[in-house]
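The tour below goes from one selection to the next.

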Amino acid sequence: MCGIVGYVGAKPALDVVVEGLARLEYRGYDSAGVAVLADGRLTTAKRAGKLVNLRNALEEEPPPAGTTGMGHTRWATHGPPNDRNAHPHTDCTGTVAVIHNGIIENFARLRAELEEAGHKLRSDTDTEAVAHLLEDELKRGGGLPDAMRRVCRRLEGAFTLVAVHTGDTDLVVGARRNSPLVVGLGKGENFLASDVAAFIAHTRDAIELGQDQVVELRPNGVVVTDFAGRPAEVKEYHVDWDVSAAEKGGYDYFMLKEIAEQPRAVADTLLGRIGTDGRLILDEMRMPDQELREVDKVIIVACGTANHAGLIAKYAIEHWAGLPCEVELAHEFRYRDPILNRSTLVIAISQSGETMDTLMAVRHAREQHAKVLGICNVNGSTLPRECDGVLYTHAGPEIAVASTKAFLTQLVAVYLIALYLAQVRGTKWGDEVFAMIQLLAQMPEKVDKVLETMEPVRELARSLAGERCVLFLGRHVGFPVALEGALKLKELAYMHAEGFAAGELKHGPIALIEEGLPVVVVVPPRARDVLHDKIVSNIQEIRARGARTIVIAEEGDTSVEPYADTLIAVPAVPTLLQPLVTTVPLQVFACELATAKGHDVDQPRNLAKSVTVE
Ligand code: F6R
C-alpha cells in the first residue's frame, strides 16, 4: 500500500518521480504528491485523487527544476484522502519533507509530545509527526541520515520512510521496517522505490533493503546501515524483466494484458523444473528431501486470491502427497493457537511477498519451529527472506490490482510442490507422478485455448451489467474457483457476489435463489462421476427455482446442456488441474462486466495492490 519513489542524479527529478509514480499507482490512488529540491529550496505539490490530478496541478504551476526529489501515491490510513493529508509532509521550517508507507502505531503519543513542544501539525496523518521529529533531530546535528536513524529508533509499527532536506541537496534518505523499499542502482544516479517497477525504465540492478535499515542515496553512492548506524551487508540482484513488462502493450487495461499473458506465465513457472527424465527438480526451494520426508502436516497461510490457491493446494497435497493439509487465512492464523512443530511444513503464498498478514503468519510459524516455504512472485520482496525456502512463480510484474496471472502461477507452484512431495515421499508410483507432470506441462496450451473462446463470455458479461447479484457454485476444487470468481466480481464490479460449495446449497443458500438470478456453476469433469452428477442435480434444483444458470463444464459434456441457460465449455483436463481452465472465464467475465459498468478495472475503489498494513 502506498507507492514511494526517490531519485538523486542528473536528470530532472520531477520527470523521473512522476513517471515512477505512474508505475506505482496500483499501490494506492487516494492522492499523490511530490517534493523537489532545487537551488537549496524545497518545493512540494500534492493533490487528492488519482495521479492525473497532480499532473494537471504540476502543469499549471511547475516547481523549480531540480535533480533530487521524491514522490508518493497514497492509500489512506490516517485521515481522509484530501490535499492536506496527501504526502509529502513537511516540518515547521519547510526544510524537511517526508513520505511514508505503513502505520506508525505510537504516532498519537509522538504527536502530543511534538505539539506540547510547540510544533504546529497541519494534517491528520501519522506521517507528519516524522517530519517534525526529523526537524528536532536535525538541530542536534549529524545530518539527515543520523536524524533518520534516531527517529526510526523511536517509531513503533510498520514503515517505509523517505526524506529530503535542504541542508544536503544531493541526498535522499530512506528507512524501512516491515514495509517494502528497494534501491535502484544507476550510473551517476540512484533510485528508491516500493517496487522495482518505478525505476525499471532506468536500471534493472537493484538492492534489497533488509529489516530496520537506513539507506543514504547520493548520485554516486549508496550507503546502508542499521538503525544504530552500523554498516549493513546488502544483496544486489538483477531484475529479470524489462520495462515492456510493466507497460500495457496496446491493451486498454493491465488486467486485460495480464489475463492474456497467462499461458506464458504458466509455461514460465514450469520452465526448468521438469528434468529430462520427467522428474521434478526443485532444488531451488532449498528444502532437503530428507526434511520433506519428515513432514507430517502441511498448513497453508495466505490472503485473498492467494488463499484460494491454497484451498486448491489442499486437495492436491492430500491426494498426491498423502499429507494432512490445513488452509488458514493468514490474518486469523496467529491469533489462535495453531498446533505446529518441527515436522510441520507451513507454505506461505503471496504474489507481492509484502502482505503484512502473511509475513506475520510466517514469523509466528518460525517461532514455533515449523519449516516455512514461500511461494512468491516478486524477487527482492520480504517473504523470501523470511522463509526457510522459496519457490518463485514467474508471472512477471502483476500491476492490475485484481490478481489473475499470479493466481494461475500460484496454482502451478502448488501443483509442483504437491507432486514433488509425492515424488520424494513415494506416496504415488513414479509413473503416476510422471504422467501428472506431463499433463501439467500441457496446461499453457489449454489455457491458451480457453482464451481463444472468450467472446461469448464477454457478451454474457455485458448483458448482466444491470444485475445486482451473482452467485457462484462449485464442488471439490471447483469450490475455491467459485470463491475466486465471486471475489473478482466483488472487487471489480462492486456487485454482491458470493461463492458457495454446491453441497451447501440446501443448507441455506438456496433461499437466495429467485427468478432470473444469475448463478455460475463450475462443473467437475465427467470422470468424477459422483461429484459431477451431484452438481448436475444442483443445477436442476436452482433452475427449477428460477435461477439463470451459467454453466462452466468440460467440452463434450452434453449432460449439462438441458439445464444450462449459458454453457461455457473448457478443455477437458484432470480434476485437480481443472481450476487452471475454469478460473479464466470467471476473470474475463468480471473484467468485462466491470468495464461495461464504466469501472477502472486496474484500480478498483478502496483497494490497493499489496496490503502492507494489518
Ligand atoms: C484479489 C487480490 C487480493 C490478493 C491478496 C494477497 O484479486 O489480488 O485478494 O490476492 O491481497 O496478496 P498477495 O498475494 O500479494 O499476498
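Predicted model: local features only at pLDDT ≥ 70, side-chain atom pairs only at ≥ 80, totals over all residues.

Most peptide bonds are trans.

**The domains**

Next, colour the chain by domain. Domain 1 covers 3-243, domain 2 covers 254-441 and domain 3 covers 451-596. The centres of domain 1 and domain 3, taken over C-alpha atoms, are 45 Å apart.

**The ligand**

Select the ligand. Why does the ligand lie between domain 2 and domain 3? Both domain 2 (254-441) and domain 3 (451-596) give residues to the shell around the ligand, so the ligand lies between them.

Show the residues of that shell. There are 14 residues around the ligand, and S350, Q351, S352, T355 and E491 come nearest. By type, the shell divides into five nonpolar, seven polar and two charged residues. Two helices, α9 (304-321) and α17 (478-493), each supply at least two residues of the shell.

- S350: an N or O atom of the side chain is 2.6 Å from an oxygen atom of the ligand.
- Q351: here a backbone N or O atom lies 2.7 Å from an oxygen atom of the ligand.
- E491: a polar side-chain atom lies 2.5 Å from an oxygen atom of the ligand.

On its own, the ligand has 400 Å² of accessible area, and the protein covers 90% of that.

**Helix α17**

Select α17, the helix at 478-493. The helix has 16 residues and reaches 22 Å from its first C-alpha to its last, close to the 22 Å expected at 1.5 Å a residue. Is α17 mostly covered or mostly open? It is mostly covered, as twelve of its 16 residues are buried. Among the buried residues are E484, K488 and E491. An α-helix has 3.6 residues a turn, so residues three or four places apart point the same way.

Step just past the end of α17 to Y494, where phi is positive, about 55°.

Go to T305, which lies in helix α9. Is T305 buried or exposed? T305 is buried, because its relative accessible area is 8% and buried means under 20%. Show its side chain together with those of E484 and K488. The side chain of T305 makes a polar contact with the side chain of E484 at 3.0 Å. The T305 side chain also makes a polar contact with the side chain of K488, at 3.1 Å.

Most residues other than glycine have a negative phi. Select D212, in the loop between β11 (205-208) and β12 (213-218). D212 is not a glycine, yet its phi is positive, near 55°. With a relative accessible area of 25%, D212 is partly exposed.

The last stop is N606, in the segment after α19 (579-596). N606 is not a glycine either, and its phi is positive at about 65°. N606 counts as exposed, because its relative accessibility is 62% and exposed means over 50%.

Definitions and conventions
Residues numbered from 1 in each chain as written. Heavy atoms only, no water. Domains from an automatic or database assignment. Near = heavy atom within 4 Å. Polar contact = N/O pair within 3.5 Å; in protein donor to acceptor, adjacent residues only side chain to side chain. Areas by Shrake-Rupley, 256 points an atom, 1.4 Å probe, with all protein chains shown as cover. Helix = DSSP H or I, 4+ residues; strand = E, 2+ residues; numbered from the N terminus. Nonpolar A, V, L, I, M, F, W, Y, C, P; charged D, E, K, R; others polar. Buried < 20%, exposed > 50% of the residue type's maximum accessible area, 1.4 Å probe, protein only. Expected span 1.5 Å × (residues − 1).
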